[in-house]
Amino acid sequence: MKIIINGIHANLRFSSAHIIPSHDLCGSIHGHSYFVDVEIEGERSGKFEFVADFKDVKDSVRKICEKLDHKVLIPINNADMEFKGLNSSNKLILNDFKDAKYLNFAIQNKNYKLPIEDCVLLPLKHTSAEELSKYFTCKLFEDIQNKGYNIATIALGVNEGIGQGALFKKEF
Ligand SMILES: [Zn+2]
């Protein structure tokens, strides 16, 4: 059995700025009003014989959305971003940033200095819809698993506004 949650109608949304380094059009900082669609397959169980309670799933997805909302999304594993004042292998530890006020990085000949509180650092190569859908799926699985559900498959779409998005499907 499968449950389906539509991100626009269920208000699973976030608005963020991002950059796709070295991309012609998307290499400048710009933003999207994202929304997240979710399909979960699994065994029905418990008193109500749900696959998963809609509220539990929406709470989990919203928690991830809230972390990203109104932030600049920074892919710390991106090969084209040179982070300054951090270790040279580009294997960044998020705690390294705890006391820093600004995030400094360069992409080719452009230098950026952003208040750290305006950024969210993600362990990704890109902040594309493709990578974000994988990120959301893994985070959602962890959270929903902790709530005691037996999930077989999650298919999760991250949409960059209406009309384009990436769908990642994972069997667990
Ligand atoms: Zn974009």
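Reader: What pattern does the protein follow, read along the sequence?
Author: This is a predicted model. In it the protein follows β-β-β-α-β-β-β-β-β-α-β-β. There are two helices and 10 strands.

Reader: What box do the C-alpha atoms fill?
Author: Taken along the principal axes, the box is roughly 55 × 35 × 25 Å.

Reader: And how many of the 172 residues count as buried?
Author: The share that counts as buried is 29%.

Reader: OK, helix H1. How many residues does H1 have, and how far does H1 reach?
Author: H1 has 15 residues and spans 21 Å from its first C-alpha to its last, close to the 21 Å expected at 1.5 Å a residue.

Reader: Which residues of H1 are buried?
Author: Val-57, Ser-60, Val-61, Cys-65 and Leu-68. They sit on the same side of H1, because the arc they cover around the axis is only 135°.

Reader: What do the buried residues of H1 pack against?
Author: Several elements, among them strand S1 (2–5), strand S3 (30–42), strand S8 (119–122) and helix H2 (129–146). Strand S2 (13–18) and strand S4 (72–75) are also on that list.

Reader: Which exposed residues are on the face turned away from the buried side?
Author: Lys-55, Lys-63, Glu-66 and Lys-67.

Reader: Why does Lys-63 count as exposed?
Author: Lys-63 has 12 C-beta neighbours inside 10 Å, and a residue with 12 or fewer is exposed, so Lys-63 falls in that class.

Reader: Where is Lys-170, and what stands opposite?
Author: Lys-170 is in S10, and Ile-154 stands opposite. Strand S9 (residues 151–160) and strand S10 (residues 165–171) pair in the antiparallel sense over seven bridges.

Reader: How many residues lie between S9 and S10?
Author: Four, and the two strands form a hairpin. Gly-161 is in the turn, with a positive phi of about 80°.

Reader: What about the residue after H1, what is its phi?
Author: H1 is followed by His-70, and the phi of His-70 is positive too, near 60°.

Reader: Changing topic. In what order do the three strands of the open sheet come?
Author: S5-S6-S7, with antiparallel pairing. Strand S5 (81–83) and strand S7 (110–115) are at the edges with a single partner strand each, so one side of each has no neighbour in the sheet. On average, neighbouring strands here are turned by 30° against each other, direction ignored.

Reader: How many bridges join S6 to S7?
Author: Six, with strand S6 (residues 102–107) running antiparallel to S7. In one of the pairs, Asn-104 has Lys-113 in S7 as its bridge partner.

Reader: Now the largest nonpolar core. Which residues touch the most other members?
Author: Val-36, Ile-40, Val-61 and Phe-136, out of 32 residues in that core. S3, H1, S4, S6, H2 and S9 each supply at least two residues of the core. H2 gives the largest share, six residues.

Reader: What is Ile-40 in contact with, leaving aside neighbours within four places in sequence?
Author: Lys-2, Ile-3, Val-51, Ala-52, Val-57, Ile-151 and Ile-154. Val-57 is one of the buried residues of H1, and Ile-154 is the residue opposite Lys-170.

Reader: Last one. Of the contacts between residues at least 6 apart in sequence, how many join residues at least 24 apart?
Author: 62% of them.

Terms used:
Residues numbered from 1 in each chain as written. Predicted model: local features only at pLDDT ≥ 70, side-chain atom pairs only at ≥ 80, totals over all residues. Buried ≥ 20, exposed ≤ 12 C-beta atoms within 10 Å, placed from the backbone. Expected span 1.5 Å × (residues − 1). Arc of directions from axis to C-beta. Contact = placed C-beta atoms within 7 Å. Pairing = 2+ DSSP bridges. Axes fitted to C-alpha atoms, helices over the stretch in contact; angles between N-to-C directions. Core = buried A, V, L, I, M, F, W, Y, C linked by C-beta atoms within 7 Å.
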